[in-house]
Amino acid sequence: MIEQEMTEDGARLPSNPTSSSPSPDQVLDIVLETVLAFLTTRHDRNAASLVCKSWYRADALTRSELFIPNCYSVLPARVTARFRRLRSLLLKGKPRFADFQLMPHDWGAHFAPWVTAISDAYPSLQKLYLKRMSVTDFDLALLAHSLPAFKDLTLVCCEGFGTSGLAMLATKCRQLQVLDLIEDEVSDDEVDWISCFPQGETSLRALTFDCVDCPINFDALEQLVARSPRLKKLRVNRFVSIGQLYLLMLRAPQLSHLGTGAFSPSEQAPHADPEPHLASAFSACRSLSSLSGFRDIALEYLPSIYPVCANLTSLNFSYANIDLEQLNSVISRCHKLQVLWVLDSIGDEGLQVVAATCKDLRELRVFPIDAREDSESPVSEVGFQAISEGCRKLRSILFFCQRMTNAAVTAMSKNCSDLVVFRLCIMGRHRPDHVTGAPMDEGFGAIVKNCKKLTRLAISGLLTDRAFEFIGKYGKLVRTLSVAFAGNSDTGLRFVLEGCPNIQKLEIRDSPFGDSALRSGIHHFYNMRFLWMSSCRLTRQCCQEIAQALPRLVVEIFSNDEQRAVTDDIDVLYMYRSLEGPRADVPADVTIL
């Protein structure tokens, strides 16, 4: 309603409309904030914030989700000062090589300063995703106490907390909908955390704790599942027997994602035979589309899952040591499968069965049952090529093997040209094409040349600088490159640093790249998320020069033994961009130049 004012004779006249109308700049801000609300991807948001100052301010006022790929790239105080309305935060800590014990255990990536900041600044925060962070029980307690509306917590490859922290979360976060613990190191504090969830109907939609390697109160878990009617994803640990799994499935026939735990009988009742009942429980789960677990699989119970195979789109057998016959009995029923993780125990014949059946497969991971360099892998270029010929919708592949050929890799590049992720790990150092004896250059060259959408690449085997020349020439969209035991000289890495404009993450280990190669990328390091080089040919002097030339690049070096600590050679170099400069929590065996 337009405001009115009195005249001398008592009549009411409309006030000047311009006195309460927003200014043109305010109108523009309102329109801009409304438009930005329709930008849902972080890449679009980031691009919009760089247009001008007004767009930058509007983005800060309207952004509800934030992704920080490196917890040391920005201080929590800078984040909370700019963004005032966050509801969701995704935060990453250590680089991937931390998973392979290539970093000091106490390197850092502490969640403590972040949880202190967000507990004060974002009382309405609902979702938190942490990856490779150090999280303590105190951090989880502060989170639970400070965020009354908190609903969704995912911890991936995190460490430092135990069942005491989980108990605090379950007790205080009464609106919790998602608790996903994925490949975390969780200490056993002998606390019954499952019993701490509130009584009465819960809001739980997802509960994943297959990495929690300690017994749980099954009676409390069964009751929790029973009073969680919205539960769609449940992944239990190996201490849940197959008989207990049956009881949980009876309580939650609405599940769409199930992690089976041990998938074997209880040690207390080894002769119990729940198989007929288990099959009926699977039959009742009509929405089940994803299966994982099978950590201590009793193969005689495998037929129990047959009733749901026709609807499965995701199957994770990466803990199940099964052979060709057992795989065939399952896969032959899985015509809708899009994601498959398996051990190489299935052999080339098993991969041929997958290729003949799973025509809609989008992601395949084949892990080694024995990862030693001198082991004999049951899979080779035969199964690899069968996959490329039978699964032409493939978008992502991770494949461990001991033998490969350029011809098979080239066939993959032609048959599966929509590949976005290609990771081929030929175990054993400097292994050539095992048929021709030639380097694997042509095969990987074909991948980057023919797969126009490729963004992630991992290379291995006998590779010369020629392979890196192919990557630099054709890998224009590659954002993540992982290199191990490859290359002839600095020229190889120079091809990549000068030819791949979108490279964000570069991981190199045990390769003959030195100072000259590192200097060739100085123009690009500010545009990268990080560079990791271990067991290469770098010197401290060169790393120091890079640090001095690029002051907003944090240059960390690790000393892994006393001998190298007193030489100019560098064991590990880890460089990352940061708005804040060197961090304060540097352990003794890490030096920031």
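**What lines the largest cavity?**

How many nonpolar, polar and charged residues are in the lining of the largest cavity? The lining holds 5 nonpolar, 2 polar and 1 charged residues. (Ala, Val, Leu, Ile, Met, Phe, Trp, Tyr, Cys and Pro count as nonpolar; Asp, Glu, Lys and Arg as charged; the others, Gly among them, as polar.) They are Cys173, Arg174, Leu176, Phe197, Pro198, Thr202, Ser203 and Leu204.

Before going on, a word on the model: it is predicted, so local features need pLDDT of at least 70 and side-chain atom pairs count only at pLDDT 80 or more, while totals for chains, interfaces and linings use all residues. Residues are numbered from 1 along each chain as its sequence is written, and side-chain values use heavy atoms, with hydrogens and water left out.

**Two cavities**

The structure has 2 cavities of 30 Å³ or more. A cavity here is a set of points, on a 1 Å grid over the protein atoms alone, where a 1.4 Å probe fits but cannot get out; lining residues have an atom within 4 Å of a point.

Around the second largest cavity you'll find Phe525, Met528, Arg529, Phe530, Leu531, Leu553, Met575, Tyr576 and Arg577. Strand 22 (530–534) and strand 24 (572–577) are the elements that give two or more residues to this lining, and strand 24 supplies the largest share, 3 residues. (Helices, H or I with at least four residues, and strands, E with at least two, are DSSP runs numbered from the N terminus.) By class, this lining splits into 7 nonpolar, no polar and 2 charged residues.

**An annotated stretch, and Leu142**

An unreviewed UniProt entry annotates residues 85–130 as "domain: Transport inhibitor response"; such annotations may be inferred rather than shown by experiment. In the model, that span is 22% helix and 20% strand, and its end C-alpha atoms lie 19 Å apart.

Leu142 sits in helix 6 (residues 137–146). Not counting residues up to four places away in sequence, Leu142 touches Val115, Thr116 and Ser119, where contact means heavy atoms within 4.5 Å. Leu142 and Thr116 are 26 residues apart along the chain, with 7.7 Å between their C-alpha atoms. Leu142 counts as partly exposed because its relative accessibility is 22%: buried means under 20% relative accessible area, exposed over 50%, and partly exposed in between (1.4 Å probe, protein chains only).

**Helices 13 and 14**

Helix 13 (residues 347–357) is mostly covered, with 8 of its 11 residues buried. Among them are Leu351, Val353 and Val354. The cover over the buried residues includes helix 12 (324–331), strand 15 (339–343), strand 16 (363–367), helix 14 and strand 17 (396–401).

In helix 14 (residues 381–390) you'll find Ser388. Ser388 counts as buried because its relative accessible area is 0%. Leaving aside neighbours within four places in sequence, Ser388 is in contact with Ala411, Met412, Asn415 and Cys416. With Asn415, there's a side chain to side chain polar contact at 3.3 Å. (A polar contact is a pair of N or O atoms within 3.5 Å; within protein, one must be able to donate a hydrogen and the other to accept it, and residues adjacent in sequence count only if both atoms are side-chain atoms.)

**Asp490**

Asp490 belongs to helix 18 (residues 490–499). Beyond its neighbours within four places in sequence, Asp490 is in contact with Pro512, Phe513, Gly514, Asp515, Ser516 and Ala517. Asp490 and Gly514 are 24 residues apart in sequence but 6.1 Å apart in space, C-alpha to C-alpha. As for Ala517, the side chain of Asp490 reaches its backbone nitrogen at 3.5 Å.

Conventions: 1 Å grid on protein atoms, 1.4 Å probe; cavity = no way out; pocket = protein on both sides within 12 Å on 5 of 7 lines; lining within 4 Å. Points joined across faces, edges and corners; volume = space filled by probe spheres on them.
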